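Let's take a look around this protein together. Have the sequence and the 3D view open as you read.

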Amino acid sequence: MNDKLARALKSSRKYFLIFGILWLILVIVFVAPLSCSIVEATAQGFGIETFLPSFGTNITNFFSTFGKAFSAEYIGTFGKWLLYFTLGYLVLVCISIIRTAPKHEYSNIEHGSSDWSENGEQYRVLSKKSGLILAENNYLPLNKMGNINVLIVGRIWIW
């Protein structure tokens with residue numbers, strides 16, 4: 001399991017910068033206007049009829065609202081909603097990293113190769129020069145005595 005998680009983190013590493021930039025954009029465009037609108041609507045007696053116009057104004061002027069969110073009357077609510085949003089966002093990022101984890105230990109690993117033999121051992125069965133092409137420098141000889149049954153699993157390339 002640890003190897004799966006390490007491979008999932010390694011494959012997701014290139015997306016961490018994108019996740020961070022998206023988090024910052026959402027904080028500026030969504031969380032700051034939301035928290036400022038909640039404070040302004042609460043001051044007037046919180047209701048949907050006071051919240052929506054305030055939220056519409058704040059979301060269209062999100063840079064000024066982001067600056068306003070750091071003032072004394074808004075910072076507490078902004079900090080609380082920033083914490084809620086960050087925790088929810090981290091949960092979604094963790095779920096996406098877990099979903100990219102390989103399903104088994106052999107995911108994205110070559111399943112077969114000529115590495116099964118060392119020091120020319122394969123040439124006791126195969127030929128290096130002539131016969132049916134199996135791989136580069138590996139031929140199935142046509143004149144071999146005995147059992148030459150070979151199972152080839154893979155893609156057939158037609159040139």
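## One salt bridge

Let's start with charges: the count here comes to 1 salt bridge. Its partners are Lys 68 and Glu 40, whose closest N and O atoms sit 2.8 Å apart. Because Lys 68 belongs to helix H4 (residues 62-68) and Glu 40 to helix H2 (residues 16-43), the pair ties together parts that are 28 residues apart in sequence. Lys 68 counts as partly exposed, because its relative accessibility is 27%. Keep in mind that this is a predicted model.

## Helix H5, inside and out

Now find H5, which has 25 residues. From its first C-alpha to its last it reaches 35 Å, close to the 36 Å expected at 1.5 Å a residue. Which residues in H5 are buried? They are Thr 77, Phe 78, Phe 85, Tyr 89, Val 93 and Ile 97.

Tyr 84 is also in H5 (residues 75-99), but it counts as partly exposed because its relative accessibility is 46%. Together with Leu 83, Leu 87 and Leu 90, Tyr 84 makes a nonpolar surface patch of about 410 Å².

In soluble globular proteins, nonpolar side chains tend to be buried together. The largest nonpolar core here has 14 residues, and Val 27, Val 31, Ala 69, Phe 78 and Phe 85 touch the most other members. H2 and H5 are the elements that give two or more residues to this core.

Leaving out residues up to four places away in sequence, Val 27 touches Ala 32, Phe 66, Phe 78, Leu 82 and Phe 85. Apart from this core lies another, of 5 residues, including Leu 34, Ile 38, Ala 41 and Phe 51.

Note on methods
Residues numbered from 1 in each chain as written. Predicted model: local features only at pLDDT ≥ 70, side-chain atom pairs only at ≥ 80, totals over all residues. Heavy atoms only, no water. Patch = residues over 30% accessible without salt bridge, like charges linked within 9 Å, V, L, I, M, F, W, Y side chains within 5 Å. Areas by Shrake-Rupley, 256 points an atom, 1.4 Å probe, with all protein chains shown as cover. Salt bridge = Lys/Arg side-chain N within 4 Å of Asp/Glu carboxyl O. Helix = DSSP H or I, 4+ residues; strand = E, 2+ residues; numbered from the N terminus. Buried < 20%, exposed > 50% of the residue type's maximum accessible area, 1.4 Å probe, protein only. Expected span 1.5 Å × (residues − 1). Core = buried A, V, L, I, M, F, W, Y, C linked by side-chain atoms within 4.5 Å. Contact = heavy atoms within 4.5 Å.
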